[in-house]
Amino acid sequence: MVLVALGGTAALMATAALALTFAQAARARHLVYGVCLATSLVLLAIGLIALLGIHANPSVTTLPLGIPWLGAHFRLDALSAFFLVVVNLGGAAASLFALGYGRHEHAPRRVLPFYPAFLAGMNIVVLADDAFTFLVSWEFMSLSSWALVMAHHRIADNVRAGYLYLIMASFGTITLLLTFGLLAGPDGGYAFDDIRAAHPSTTLAASVLILALIGAGSKAGLVPLHVWLPLAHPAAPSHVSALMSGVMTKVAVYGLVRIVFDLIGTPAWWWSMVVLALGGVTAVMGVLYALMQHDLKRLLAYHTVENIGIIFIGLGLALAFKAYGMAWAAALALTAGLLHVFNHSVFKSLLFFGAGAVLTSTGERDMEHLGGLIHRMPQTAFVFLVGCAAISALPPLNGFVSEWLTFQAILLSPQLPSWGLKLLVPAVGALLALSATLAAACFVKAFGVTFLGRVRTSAAENAHETDRFSLAAMFFLAALCLVAGILPGAFIDALAPVAQGLVGDRMPVQSNVDWLSIVPIAESRSSYNGLLVFVFMVLSGVLAAWAIHRLASDKLRRAPPWDCGYPEASPATQYTASSFAQPIRRVFGSVVFRAREHVEMPSPGDTRPARFTVELHDLVWDTLYAPIAGGIGFAADKLNHLQFLTIRQFLSLVFAALVLLLLVLAIWP
Amino acid sequence: MAVIFDFAVQGAQMLLVLLLAPLLTGFTRKVKARLLLRRGPAVIQPYRDLVRLMRKEVVLAENASWLFRVSPYLIFAATWVAASLVPTFRTGLLFSWSADLIAIVALLGSARFFLALAGLDVGTSFGGIGSSREVMIASLAEPAMIMIIFTLALIAGSTQLSTMAGFLVSPEVGLRVSLGLALLALIMVAIAENARIPVDNPATHLELTMVHEAMVLEYSGRHLALIELSASLKLLLYVSLISCLFVPWGLVPPGAPNGLLVIGLLAYIAKLAIGGLLLALFETSIAKMRVFRVPEFLGAALMLGLLATLLRFVSRSM
Amino acid sequence: MRGLTFDIAHLLAGTLVLVSFLELYQDRLYALLNTFALHAFVLALSVAWQAYIQNAPHLYVTAAIALVFKAIIIPVALHRIIVRLGIHREIEKVVGVGSAMLLGMGLVALSMVVMLRVTAEADPLAREDLAFALSVVLLGLLMMVTRRNAVSQIVGFMSLENGLVLAATGAKGMPLVVEISIAFSILIAFIVIGIFLFRIRERFDTVDLQALDRFRGERG
């Protein structure tokens, strides 16, 4: 099985190499994206077959590539299969979308070769079974996505985004290198099987956890390591943004789950506190950042940070339950987190595709230059609405299911004996509830300001509907959102082998429950039936519509909206994104971002317009990154003097280093 | 046979909440008027208003989209489904296991989502004021509600409303501090969610003081009738929720003889009347708050909910 | 019945914590005094209930002192002094209401953790009452620290003292509770008088009664 998967990734690499040569050819775009679509579908099928247990054992293989005495190990077990499904579902959808979207690309030579390479890199990370293969493919994934971020390099913002991305990605890889170094130990057992067999000491395991959180967390977007994400994700072309936000962050989550749940061994209880705290803070900070944005793609990128926080809350709870041996509760929490991984990749990709459609149709990313698009792009508006509803966790769609399962896991936590957890988990629960509601507010803003209301600029006036490939990809993802919300039992059962492998137990079998409900613990405690809720809502709506049709008048007349006596109000008087967020900015932002508003009124008689300024400080950047950057700049300035020494001084440096090393050799016992 | 009877009870419950909702609103308005030494409208005036609105022509803004026309039905469907799942005179309704209290709150959240979108649809500043203030209020009220649900679930051992009501009516529950805190927080959240004084004034005509009314400013005719009915249903839902959780005596358990259903019904109507009376008393004795004092009010509710949850985590007897 | 008895004691202690939070929420002076009167009233109820279930009649005296002195006399006296001296009636805060509530939550969590760990062997219900009492003390201190107004600092101090009385009465068989209550009340009276002497001196530059009489305009 794993060999077939590897064959698929080899096909992707070959496509990348070919695209390097033939990118300018007329049909290149269709060929490249078509091959990617087909290969992703094949890999998706392999992942599903492995996950649903049609092939019993985890299949392993070793190829004679890489380091001579190590080789390259590959393994396809339940966790890899699940993430293979996630990666390739996103990859297939993005390739389908790009078949239509790619025609607007004016620099295909900078995009076409790197896109299949990016997909290949992500697939190999998920399949890797030793540290070397993992790290090489991780770097490969980062570099190919960096090349895609730099595709439109004439825009200064993109260059800055790419630079920051490169720094943070390198930092993450160094940390992961250290992690695997610590795990492999002095004997150098880099294969994952050897690492699983070794039993690290508690301090070693703790260091591994912290380093893994930094390394994988920076790629996933944990606060405070998230700063590159909202700059880099929007800079890439839209189908790549969808892949980066929806899929690459999940590959980072895979890395963390693999290291912390599989390779380290039994966790200590306090590890869960770190993960939970980071997850809670990330969730709230991410959504508050998103609420302050008016660039549509940057809003979506910040929102990815929030959802990563929610996933980490689920993972933290699973760690806590696993540390105390409550395997059934750990299975619930882990399933909640992993189901959110799947759900988020689906609806985030959908939303980024919608943003890409709006971008190609109007040329604008700024919400405050759009408006009224629901009349001009009705189908895009409809699927974007489904995506917004799904991400706001509204029943009966899929976002609600993973959030509900996370809440049920939180309700099991009073059984944990630790005091720290007893105080932290309710606080994290409150943070989760807060972030969920703020997410709904954020997407009312995103959909309302972009698609509803009146047209604000001529760019929006001339918008038109996108092509059928893009629409097909978006409708497919929207349908998947609804199906995952109505039939969540099937998805939970599919995740059972993953939970079984990682925490030793699984959730109750959902396919046995009557009426297709889901039951996280026992029927008497709680249950949820997405299908019935959906049917009830549809029936009530239809009943209401029928009753109104029979009993009420059906006359309708169009008229100008209520204008309070001031006719011909310009479209500039309607609410913008910043004005919509103003109450929330005032309540939360004045503390979190030191948000301040200034109004400068001209003196009476002066005909200049009044000026309204909103000031926001990114405290993470100001307190963490700016001092580090300043410090590095300062050190670099001082060290610059070393370039201008005389020959005698260079020789004395070499001499001093030699003497120092000899001294160390002499003194070292 | 028993299944058909259960179906009939569930259907009766759905019809009952629909019929009683305007009556509760009318009763509250009448009591408020009397307390202000006015005669006030008749108690059945909301029914007359609904019929009148149904007969009127809909005046639609020129740039209103399909979402504007579909939203009233979506809002009504979500609110009606949520209201039908709250036990009124009998626990253990046939489909009460399909959605627990978290799902009911999320259904109300989706109604609010579409209402806020409808407010933004026409593109005037009034809708924007309403929607932006509504999401600010919701961003604090819903987390407070979820904290309250956590407290109740940790006491009763389940998030299903029927199980909670059954547990809270049994003698094992005792008087707990967290229950008292949860009750206070739930009352504060209910006032905020139903757009009542001191958070919002349901009877104002000044656009700058509106929150809920501003979002529905452009609606008319049958659409407005549906939205008004949804708002009444939401008020009924919250009063039923408070009475089924904190005043659960009179709720008929599933196995009881059918004659008790009449007593349950009478008890429920009495609870609604008392709830309406207390609400009217509260609204006339307090002034409406400035918009930016509402976050402090709801922040206090969130803290109360968090404190109640914390107490449940820390001690099993509190 | 025993369960219900202790539940009521818990409920009253929890209500005292709730009223402390309510004091933190107020931003007008008269409302704060009313809230403090409620605080003292709930304390009186709690002490009276403890007197009933512990069969300790001397605690009824403590309850009466709390009711008469702290719930009635001090708020009325402070109200009149505020009117007489024209003290600024809006309370300036160092931290906002939201942050004060969050800090208060943290303090309640802290006192829960401390009390429930330190008193691990004692009767579980008495431990939780002690945890609530410590919370009231800490919340009173928080009020003193985060308010710029002298009257609100007095109210904070008196709330703190109410918490101490709650702790003392909750632990069964503590001696000299009545005497300690009287001593604390006299202490408070002196503090109130002292603060207002300061105010008078600041305002009129003297506390000499003859000079003050001249300001009153009665002598020549």
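Biologist: Which residues is B:Ala308 in contact with, leaving aside its neighbours within four places in sequence?
Modeller: B:Ala308 is in contact with B:Thr151, B:Ser178, B:Leu181 and B:Ala182, where contact means heavy atoms within 4.5 Å. This is a predicted model, in which local features need pLDDT of at least 70 and side-chain atom pairs count only at pLDDT 80 or more, while totals for chains, interfaces and linings use all residues. Residues are numbered from 1 along each chain as its sequence is written, chains are lettered from A and ligands numbered from 1 in the order in which they are written, and side-chain values use heavy atoms, with hydrogens and water left out.

Biologist: Why does B:Ala308 count as buried?
Modeller: Buried means under 20% relative accessible area, exposed means over 50%, and partly exposed lies in between (1.4 Å probe, protein chains only). B:Ala308 has 0% relative accessibility, so it counts as buried. It lies in helix H11 (residues 294–314) of chain B; helices are DSSP runs of H or I of at least four residues, strands are runs of E of at least two, and both are numbered from the N terminus. The C-alpha atom of B:Ala308 is 7.5 Å from that of B:Val177, 131 residues apart along the chain.

Biologist: What makes B:Glu142 and B:Arg112 a salt bridge?
Modeller: A salt bridge needs a side-chain nitrogen of Lys or Arg within 4 Å of a carboxyl oxygen of Asp or Glu. Here the N to O distance is 2.4 Å, so the pair meets the rule. The two partners come from distant parts of the chain, 30 residues apart: B:Glu142 from helix H5 (residues 125–156) and B:Arg112 from helix H4 (residues 101–121) of chain B. Both B:Glu142 and B:Arg112 are buried.

Biologist: Where do A:Arg376 and A:Glu461, which form a salt bridge, come closest?
Modeller: Their closest N and O atoms are 3.4 Å apart. This pair also links distant parts of the chain, with A:Arg376 in helix H15 and A:Glu461 in helix H19 (residues 458–461) of chain A, 85 residues apart.

Biologist: Why are A:Arg376 and A:Glu461 called partly exposed?
Modeller: The relative accessible area of A:Arg376 is 24%, so it is partly exposed. A:Glu461 has 44% relative accessibility and therefore falls in that class too.

Biologist: What about A:Lys297: how do you know that it has no salt bridge?
Modeller: The nearest side chain of opposite charge, A:Asp295, is 7.6 Å away, with Lys and Arg counted as positive, Asp and Glu as negative, and His and the chain ends not counted.

Biologist: Which side chain makes a polar contact with A:Lys297?
Modeller: The side chain of A:Ser238 does, at 3.3 Å. A polar contact is a pair of N or O atoms within 3.5 Å; within protein, one must be able to donate a hydrogen and the other to accept it, and residues adjacent in sequence count only if both atoms are side-chain atoms.

Biologist: How many salt bridges are counted between chain C and chain B?
Modeller: One, joining the side chains of B:Arg293 and C:Asp27 at 3.7 Å, N to O. The rule finds zero residue pairs in polar contact across this interface (both at pLDDT 80 or more). On the side of chain C that touches chain B, helices H1 (2–25), H4 (97–118) and H5 (124–145) of chain C each give two or more residues. H1(C) gives the most, with nine residues. That side divides into 16 nonpolar, two polar and three charged residues.

Biologist: And what do chain A and chain B share in salt bridges and polar contacts?
Modeller: Between them there is one salt bridge, and 23 residue pairs are in polar contact (both at pLDDT 80 or more). In that salt bridge, the closest N and O atoms of A:Arg557 and B:Glu57 are 3.1 Å apart. Chain A and chain B bury about 7,000 Å² between them, with 74% of it on carbon and sulfur atoms; buried area is the accessible area (1.4 Å probe) that two parts lose on being put together, summed over both.

Note on methods: Nonpolar A, V, L, I, M, F, W, Y, C, P; charged D, E, K, R; others polar.
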